[in-house]
Every structure is written in structure tokens, then in C-alpha cells.
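Here are my notes from going through the model, in the order I'd look at things on screen. Have it open alongside as you read.

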Amino acid sequence: MAFKLPNQLRALYTATNYHHHHRILSPLAGASQSFVFSLRRLFADVPPLSDPSSAPPPLYPHSTKTSLAPSSLNQYELAKFAAIAETWWDSEGPFKPLHALNPTRLAFIRSTLCRHFRRDSYSAKPFEGLKFVDVGCGGGILSEPLARMGATVTGVDAVEKNIKIARLHAVWPFTNLSPIWIPQLQRLNIVAQQLLVEEQRTFDAVIALEVIEHVAEPAEFCKSLATLTVPGGATVISTINRSIRAYATAIIAAEYLLHWLPKGTHQWSSFLTPEELVLILQRASISVQEMAGFAYNPLTGRWSLSDDISVNFIAFGTKNSQ
Amino acid sequence: MNRLIRRKFGEVYRLKVPQRNFCANGAATNSAQPGYSQDSKIGHYDIAIVGGGMVGMAFACSLASMPLTKDLNVAIIDSNPALSSGVSIKKEEPPDPRVSTVTPATISIFKEIGAWKYIEQNRHAYFDKMQVWDYTGLGYTRYNARDANKEVLGCVVENRVLLSSLLSCLQSADFRKTIYPSRLLTLHRNSSSTKVDSHSSGLPLHGQGNLVKLDLIDGSSLHAKLVVGADGSKSRVRELAGIKTTGWNYSQNAIICTVEHAVENQCAWQRFLPAGPIALLPVGDNFSNIVWTMNPKEANDHKMMNGDEFIKDVNHALDYGFGPHPKSSMFGDGGIFSWLKADVTSASEFFEIPPKVIRLVSDRMMFPLSLMHANNYASKNIVLIGDSAHTVHPLAGQGVNLGFGDAFALSRVIAEGIAVGTDIGEVTMLKKFEVERKTANIAMMAILDGFQKAYSVDFGPLNILRAAAFHVAQHVSPLKRGIISYASGEQRLPLFS
Ligand SMILES: Cc1cc2nc3c(=O)[nH]c(=O)nc-3n(C[C@H](O)[C@H](O)[C@H](O)COP(=O)(O)OP(=O)(O)OC[C@H]3O[C@@H](n4cnc5c(N)ncnc54)[C@H](O)[C@@H]3O)c2cc1C
Ligand SMILES: C[S@@+](CC[C@H](N)C(=O)[O-])C[C@H]1O[C@@H](n2cnc3c(N)ncnc32)[C@H](O)[C@@H]1O
């Protein structure tokens, strides 16, 4: 299995090292507009504005929320998760897509991290001796398999209820999994320092799956993730693309048609494109090495890894070791 | 179905643990429960295999052979003393009448898990020819391994040889296994008894039923994340899990026994008689195994009659009994199918008469035949393999091969699950196994059932059609190849690819 960076993206990524933004962006579909859009979001301290061409259709119930200040936007996001916290481990409940996606995204993590840390890919516990932090761990859907794969996992989440669920579920037989509640985790840089100073901890791998679309300041968030990562360590992020297809697939299908997700789980305007993610990680000293998309097969109900990053995608990067 | 299972567990559960939430609220109370006072002494396992028959042991061997599963902590529950003390097989004893015809697909998997070398140290009989004919004298079919580009069509092995080889294989592996020489009594899905976080009070205990407690008839207990029911057609695991079955009896019995010839038999023979097929399978040296399907009364008579008379009947049934030998000239030479003959026929493909039986060398055993299929193979923390999930007509010798197929498929699915950190009791993972195997098993069951039906009804015209079909099969090489590769377990979809 090779999850190679799509060529487009690789071009973008290598080119950014030479600061030739204009040239590399031109081949990207609708690039100039979305780039302006993303610059506003990523590098200015203002909430994203509604752009008529890329804004979600009126159908979307929470489009008005974009006018709220970042902090309240977060409160709103967190309240949504707190409301459905009890259902984390119901594989047919609101978190069904995460359960269904789990083997696939874990296969990506296993494959990339085994290679990165030079671990035996035939081992049942390839991550033994490595320290991972699962940022925005929720009820621990991802933390538990990672712990089973041998990693010492610290799960952190901004919602106390989630952490309670995660603790309760992980009671047995895990000795290598500790969920921690960190209020206002969006200020992860502070938390990172706290963890660093008080517990003298950095992590071999920092993993934040399906979280960045819920935070107010993605760039700050990525910087915090980088602070938590040891030099030469790994960062894995997955999220949903800000494409029309993603809007159609993820929001309409998942929230409205299939009723997988409670309505309003996703704010389309807060989605990042893969290019944007690569850029902000780059600025946080994390080089994206591999990226893959998730493809859903409605016939089998299963997900698989694919080259198509137009809807859901996952990225693996390494922290530059200067 | 799910409701059924839950109710079942609910009942058992209530007896010992008053309430789920109750456990969550205070761990201390657990130890006051009589059922849990000894919990610290109860073994915790990743997998409990209930039933150490051929399929259960093959599953254990397969786990032991794969890097991702070899470190699992496994318990095997079976009262068969052979599991602890070993199977003693004396070479000078005649073969046991309980034998299996293993397919090339099974052989290659046995080689992969390292069990085949032990089979080769014991008595076994490869065969590369098979002749099927019927009593009407209209047609016959001979299969040759060459037609399917194979070395052998299969191998007949005594069940005790299969079991002891799998035991040797498991013993030689570096594998953590514990054998419980007992039988399963009940299952409880329970919350684990270890410490419960005091901060967690008031929250529902999602996922705390991640362990199953097994109580055995000798009073001992154990916990496991996954219970594998490999306990045969009357599976207790299936019953306790509330899994329903579909099936019927054939109102036919099979008589099995070992016989001796004056010469070595190297071919598998099967002749369809009015009441069912008789099979003569080579089992090594000058011995053959007989599986003779009859109506229950006939079967009983044949079990009771004296040995010499029985042998006479066997020889009769394999020769001129009930009807003439098929004449290859009937269709083959000058008949409508003659144009097909040119490219396939070789001297060895002519009809032959099986070697005469000279002596009965074992007891005659009798089994009722039935078809049974479990509606589900998997529920949360519980999965069925082998005869506990399905029994088939022994016609094509597929029974245990389907079970071996289950065993290897399940161990692979578990390995894939472990690779991505899945809880091995998780039903979504177990359902992957179910989907994969149901397809294969149902296809084979339908074919065997169809065969059985076609051959148990004695209508003249149907027999002629059947004979004609045999005849065509005999002379069309690609068609035959399809039949053989399916019967030898290599093909996934029926029938003539
Ligand atoms: C007449 C006849 C002829 C056959 N011929 C062939 C053939 O030629 N080729 C072929 O492939 N197949 C043949 N079969 C089918 C084959 O024998 C079975 O498919 C095979 O034995 C199934 O293996 P198993 O391990 O699933 O079950 P079993 O062999 O039935 O083993 C079940 C095990 O579970 C144990 N057990 C049961 N209950 C409990 C309990 N409560 N607790 C603990 N342990 C328990 C038993 O002690 C036993 O060891 C034939 C069957 C019959 C009846
Ligand atoms: C969609 S869930 C993903 C859960 C988990 N990472 C997974 O993929 O299975 C998002 C989680 O991120 C948490 N979260 C949302 N905003 C956050 C923030 N600003 N800081 C930390 N966690 C946040 C939520 O509480 C929720 O548990």
C-alpha cells in the first residue's frame, strides 16, 4: 500500500519551500479564490466571511454562526459534542462513521508510523515503547486501538463528559491508556507547556483526527500540535475537505440523508483543503510526507484508502528536527 | 435475533450480577457477589475455543502460525483426554473408520500452518483418480488429477491422525495455550470485575460487557474476550448464544467402516444406488474406508448382519448389484457425443471395477445424515466455526473442509483486526468473517443438497438424464476441470467456471 502525496499536492508542497506561491497555485481548481479565502481564515484573526461562491447553500442551518467570535464558536462546537457524549460507543449511533472509518484510518497510521519508527509491521504491538497523544480523543474510539497496538496513549479532550466516557470504557484491560480532561483545549499551546513543564512530556506521535474542523484557529492548533511533538516525531491529522463534493457527501449525506451525524455537526466554512493543511503544518515545522483519502462504498458499508482526497483525507507529517 | 441473545444473557446475568449500573457505581460490591468472590483466580484469555476437535485445533494452529496472532492468550476447552495426553496411534492397527477426505486447498493451508508434515509421518492416502457411476448402467465419470492440472485430487486421512497432527503442530509452536479438560456449561456476558473509576459514577457502562465468563461443568470458570464455538453439530455455544438454525434430516443413515483388499486401492470410488451413494476411499496400505448411505432400516440391518454377509453386500453394491456396469459404447462410440471423445480419452479413463473387498477390519458405525446451517455465525464476543455452524451431507467429503476453511478465515480476520488494534470481540469484525464464509458454505451446501436430492429419487427418466450428464462430464474436459476444482475446494463460485 502506498499512500503517496498526490502529484498536485507534492508540487505545491515542494514549491512552498521556495516560496513560489503564485505559480504553484495556478493549476489548482478555483485556487485563487479559495486561497484568498483561506488566507483570510488562516492568517488573519478574523472569522471566515461568507464568500458567495464557496459559501454553503442556504440549506445549511448554521451558516449564520460564522458571524460569532472564535471562542463562542468553539463553545458551540463543544456543546454539540457534550450533547451526544453518551453515544460514543454505540457503533450504530451518532458516531457510526468514526467506528466504520476506524480500521481504515488505523491502517494508514499503522503503515506510516511503522515505517517512520522502523517498527516490525508484522508485530501485534508495533508501537510498544512509543508515547502518543490523541488530541480530541472523544470517547476514545481511536485511543483504544492505538493502545492495543502497544502505544502508551494519552487521550485529551476539551469536553469533560467525553473523558469520563473514555475512562469508563478503557477501565479494563488497558494500563497504557489515560484520558485527560483539558478544558479549553483549543489553547493547546498552553496545555502543551503545562504538560511539558509539569509532566515533562512530549510525544513521539501527536494524532488529531476529525478535530481540526471544529477548532477556531487551525493554524494555532497546528502549532500546538507541533509543540507536543518531539523533533523527528510524527503528526497525523485527518479532516474533511472544503470542496463542494465534501459538502454534498459529508454534510448532506451524513447529517441529512443517512442521519449518521446530528444535524449541524459540521460547519462547512471551517473545513480546510489539503493544500491549506499542508501550508499551515509547514509553518508549524511539520512536513507532510503522505496523504490519502477515504472512499466510502455504500454497497459494503466499508471505507477504504484511496488517492481521492476530495472529501475526507488524512495526512502524516514529521516534525523537522532543528 | 439480537434480542434473543440479549434476553438469554440477561437471564443468566441477573442471577449473579444484579445490575450493570450497580457495578459501575461501586467496585467493592462486586467482591461481595458470590459469583465473583474468586475472580482473581479466574483466568483471563483473549480467546476461549470451546471444542478441541479437528476444526477447533486447526483454528488454534492457524493462530499460532501467524505473527499477528501468535501472542494471543488462548484457552481450549474439551473433555477429550487426547488433548492433554496425546493421541496414541499404533501403526500396526488397521485404520479407524472415522476418516476425512481433505482437499488440495486444505492440504496447502495445512502446509502453511506447519501441520502437514505430521500427517505425512502417519498413515494417509493420496488419490489422483476418482470414478463416479450409478446403478442404471448408463454413464460413468472418471476424474483424473491431471485434468485439473493437479498432482492429487485429495487425501484420505483418519480423523485421529488429523487431530494428533494438529496437536503436535500446536505443541511445537511457541504459543500460550491453556487446556481445560472439561465441557462448557454456561456463558455470561459480564462486566469485568477490576477496578472501576470512582469518578465515573452515574454514567452508563457502555462497552463494559466486553468479556464473556465461561462456566465449565467441573466448576471452574474463565473469562475471554472472544468465545469460538467449535463444539460440533450439537453446539452448546450456539445454543447459549441463542443462534437459530435451519436444516432438515435426510432420513438417511450412513454406515462407515474399514475394509481390506488383496491389493492397494488408489482411487476414490463412488456409486449411486437407489437409496443413496456408497463410497470406497483408499486409506493407505491395502485398506479402504466405506461410507454407505441407506435408509435407516437398511442401515440398521447392515450394521447388525454378520461381517461376511456385509462384505458380500459391499462387493455386490460396488459391482453388478442393482444394475449393470455402464457401457462406454452406449454414448461414447458412435453415439451423439462421439465427436467429443477424440481429445480427452486415454486408456486409463475407461470404466473400471473397484478392487474386491476381502475382509471387514473395524466395527461398523452408523450416523444419521442431516443438513444444518446456523442463521448467524457471529454475535458480540461469540463466533461459530465448523460443524457448530453447518453440517452437510458427507457426499463429497466436504464437511470438515468447510470447517477448516472457517478456521483459517477466522484467524485471518482476527489477524487483520489486531493489525489495526480492533477489540477481537467486536461484532463488526466478526461479521466480516461471517459474510466471507456464509457465501462459500451456502454454495457448497446447496450443491450437495441438490446432488443428494437428485440421487435419492428413483425416477427412470431422471436417471437417464443424470447418466447423460455424467457422460457429458466425462468427455468434456473443461467442464470436468471446473467440477474438480470446485470439489477440491479451490474455486469460490459454483460451478463450471
Ligand atoms: C458419517 C460421516 C462421514 C463424514 N465424512 C466426512 C468426509 O469424508 N470428509 C469430511 O470432510 N467430513 C466428513 N464428515 C464431517 C466431519 O466429520 C465433520 O465436519 C467434522 O468432524 C467437524 O469437526 P468439528 O471440529 O467442527 O466438530 P467435531 O469433530 O464434532 O468436534 C467437536 C468437539 O467439541 C467438543 N465438545 C462438544 N461439546 C462441547 C462442550 N459443551 N464443551 C466443550 N467441548 C465440547 C467435542 O468433544 C469435540 O471434540 C463426516 C461426517 C459424518 C457423520
Ligand atoms: C469528531 S470528534 C473526533 C473524535 C476522535 N478524534 C476520533 O476521531 O474518533 C471531535 C472531538 O474533538 C473534540 N474537540 C472539539 N473541539 C475541540 C477543541 N477546540 N479542542 C479540543 N478538542 C476539541 C470534541 O470534544 C470531540 O470529542
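1. Which residue follows α13(B), and what is its phi? That residue is G421(B), and its phi is positive, near 70°. Bear in mind throughout that this is a predicted model.

2. Staying with α13(B), I checked its length. With 21 residues at 1.5 Å a residue, the helix should span 30 Å, and its end C-alpha atoms sit 31 Å apart, so the two figures agree.

3. Buried here means under 20% relative accessible area.

4. The helix also takes part in the ligand site. α13 (399-419) of chain B supplies at least two residues of the shell around ligand 1, and so does each of α4 (54-65) and β3 (99-102) of that chain.

5. Now the shell itself. There are 27 residues around ligand 1, and the closest are D78(B), R183(B), L184(B), D387(B) and V400(B). By type, the shell residues split into 11 nonpolar, 11 polar and 5 charged.

6. Where does ligand 1 lie relative to domain 1 and domain 2 of chain B? Domain 1 (2-79 + 182-244 + 375-445) and domain 2 (99-163 + 249-368 + 454-487) both contribute residues to the shell, so ligand 1 lies between them.

7. For polar backbone atoms, have a look at three spots. At V400(B), such an atom is 2.8 Å from an oxygen of ligand 1. At M54(B), the distance to a ligand oxygen is 3.4 Å. Taken alone, ligand 1 would expose 1,000 Å², and the protein buries 82% of that.

8. N381(B) is not a glycine, yet its phi is positive, about 70°. This residue sits in the loop between β18 (378-379) and β19 (382-384) of chain B. Its relative accessibility is 0%, so N381(B) counts as buried.

9. You'll find E210(A) in the loop that runs between β4 (203-209) and α9 (218-228) of chain A. Is E210(A) buried or exposed? At 13% relative accessibility, E210(A) counts as buried, because the cut-off for that label is under 20%.

Methods: Residues are numbered from 1 along each chain as its sequence is written. Chains are lettered from A and ligands numbered from 1 in the order in which they are written. This is a predicted model: local features need pLDDT of at least 70, side-chain atom pairs count only at pLDDT 80 or more; totals for chains, interfaces and linings use all residues. Side-chain values use heavy atoms; hydrogens and water are left out. A residue is near a molecule or strand if one of its heavy atoms lies within 4 Å of it. A polar contact is a pair of N or O atoms within 3.5 Å; within protein, one must be able to donate a hydrogen and the other to accept it, and residues adjacent in sequence count only if both atoms are side-chain atoms. Accessible areas come from the Shrake-Rupley method with a 1.4 Å probe; for residues, only the protein chains shown count as cover. Helices (H or I, at least four residues) and strands (E, at least two) are DSSP runs, numbered from the N terminus. Ala, Val, Leu, Ile, Met, Phe, Trp, Tyr, Cys and Pro count as nonpolar, Asp, Glu, Lys and Arg as charged, and the others, Gly among them, as polar. Domain bounds come from an automatic or database domain assignment. The expected span of a helix is 1.5 Å times one less than its number of residues. Buried means under 20% relative accessible area, exposed over 50%, partly exposed in between (1.4 Å probe, protein chains only).
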